[in-house]
Amino acid sequence: MFINFIEHKNISGNILRKICLLKKQHWDYPLKHQIQWINNNLTGDDVHLILRNGLLGAVVGYMNLINLSIKMDDKVTEMIGIGNVCVNKKYQRNQYGFFLMKIAEYYLRKKCLNGILLCKEKLIPFYDSIKWNRYKGITIINEKEFNGIVYV
């Protein structure tokens, strides 16, 4: 397995297409909309973390790491938002999701940053199993209170 960290401003169209084909396995939107969503929601300095099968092989796993300012309990904090965590369905149940999250944790430690991820109810057991902490306070994202599940 090979791990790539690519800033969004340096992502090639070919790799972006491969990422979106993987994302499409989990979020059933047309490829064009997947690409458009990434380009609209990531800045140039945000990072694509890609797990590949071989140096130029298939994209096995993916997540993005985005720079955020989050207000939590009246305190604004710079954090890295972890999003779009997904593994090719062909490779699921092989611990690649766990591996991706451990890579992200290492990245956060090296950069001396905190991470945050927003989670759907069905994913709680996964994030609990990898020992992320559920945040129960008030979270403001883009000036709106977020009432969903937050892990830090």
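A nonpolar core is a set of buried Ala, Val, Leu, Ile, Met, Phe, Trp, Tyr and Cys residues joined through side-chain atoms within 4.5 Å. Keep that idea in mind as we walk through this structure, which is a predicted model.

Let us begin on the inside. In soluble globular proteins, nonpolar side chains tend to be buried together. Here, the largest nonpolar core has 25 residues. Within that core, the residues with the most contacts are Met63, Leu65, Ile82, Met101, Leu117, Trp132 and Tyr151. Which parts of the chain each supply at least two residues of this core? They are the strands β2 (47-52), β3 (59-72), β4 (75-87), β5 (114-119) and β9 (149-151), together with the helices α3 and α4 (124-129). Helix α3 gives the largest share, with seven residues.

Setting aside neighbours within four places in sequence, Ile82 is in contact with Met63, Asn64, Leu65, Met101, Ala104, Leu108, Ile116, Leu117 and Trp132.

Now for the aromatic rings. A pair of aromatic rings is described by the distance of the centres and the angle of the planes. In this model there are four aromatic pairs. Take Phe5 and Tyr107: their ring centres are 5.3 Å apart and their planes meet at 15°, so the pair is stacked, since planes under 30 degrees apart count that way. This pair links distant parts of the chain, with Phe5 in strand β1 and Tyr107 in helix α3 (residues 96-111), 102 residues apart. Are these two residues buried or exposed? Phe5 has a relative accessibility of 40%, so it counts as partly exposed. Tyr107 has a relative accessible area of 15% and is therefore buried.

Compare that with the rings of Tyr91 and Tyr96. Their centres are 6.0 Å apart and their planes stand at 70°, so this pair is edge-to-face. Tyr91 is buried, because its relative accessible area is 16%. Tyr96, at 18% relative accessibility, counts as buried too. Ring pairs also join Phe126, Tyr127 and Tyr151 into a cluster, and Tyr151 is a residue you have already met in the largest core.

Together with Met1, Ile3 and Phe99, Phe5 forms a nonpolar patch on the surface, and the four have about 350 Å² of accessible area together. Ile3 sits in strand β1 (residues 2-7). With a relative accessible area of 36%, Ile3 is partly exposed.

Charged side chains come next. Side chains of opposite charge can pair when their charged atoms come close. A search of the whole structure turns up four salt bridges. In one of them, the side chains of Lys9 and Glu7 meet, with 3.5 Å from N to O. Lys9 is exposed, because its relative accessible area is 52%, while Glu7 is partly exposed at 30%.

Lys102 pairs with Glu105, and the closest N and O atoms are 3.2 Å apart. These two residues are three residues apart in helix α3, so about one helical turn separates them. Lys102 is partly exposed, with a relative accessible area of 29%, whereas Glu105 is buried at 17%.

A further salt bridge connects Lys24 and Asp28, whose closest N and O atoms are 2.9 Å apart. Lys24 is partly exposed, with a relative accessible area of 30%, and Asp28 is exposed, with 64%. Lys24 also leads us to the last stop, Tyr29. Where is Tyr29 placed? Tyr29 lies in the loop between α1 (13-24) and α2 (31-41). Not counting residues up to four places away in sequence, Tyr29 touches Lys24 and Gln34. Follow the chain from Tyr29 to Leu42, 13 residues apart, and you find their C-alpha atoms separated by 18 Å.

Key
Residues are numbered from 1 along each chain as its sequence is written. This is a predicted model: local features need pLDDT of at least 70, side-chain atom pairs count only at pLDDT 80 or more; totals for chains, interfaces and linings use all residues. Side-chain values use heavy atoms; hydrogens and water are left out. Patches are made of residues with over 30% relative accessible area and no salt bridge: like charges are joined within 9 Å, nonpolar side chains (Val, Leu, Ile, Met, Phe, Trp, Tyr) within 5 Å. Accessible areas come from the Shrake-Rupley method with a 1.4 Å probe; for residues, only the protein chains shown count as cover. Helices (H or I, at least four residues) and strands (E, at least two) are DSSP runs, numbered from the N terminus. Buried means under 20% relative accessible area, exposed over 50%, partly exposed in between (1.4 Å probe, protein chains only). Rings of Phe, Tyr and Trp (its six-membered ring) pair if their centres lie within 6.5 Å; planes under 30 degrees apart count as stacked, over 60 as edge-to-face and the rest as tilted. Contact means heavy atoms within 4.5 Å.
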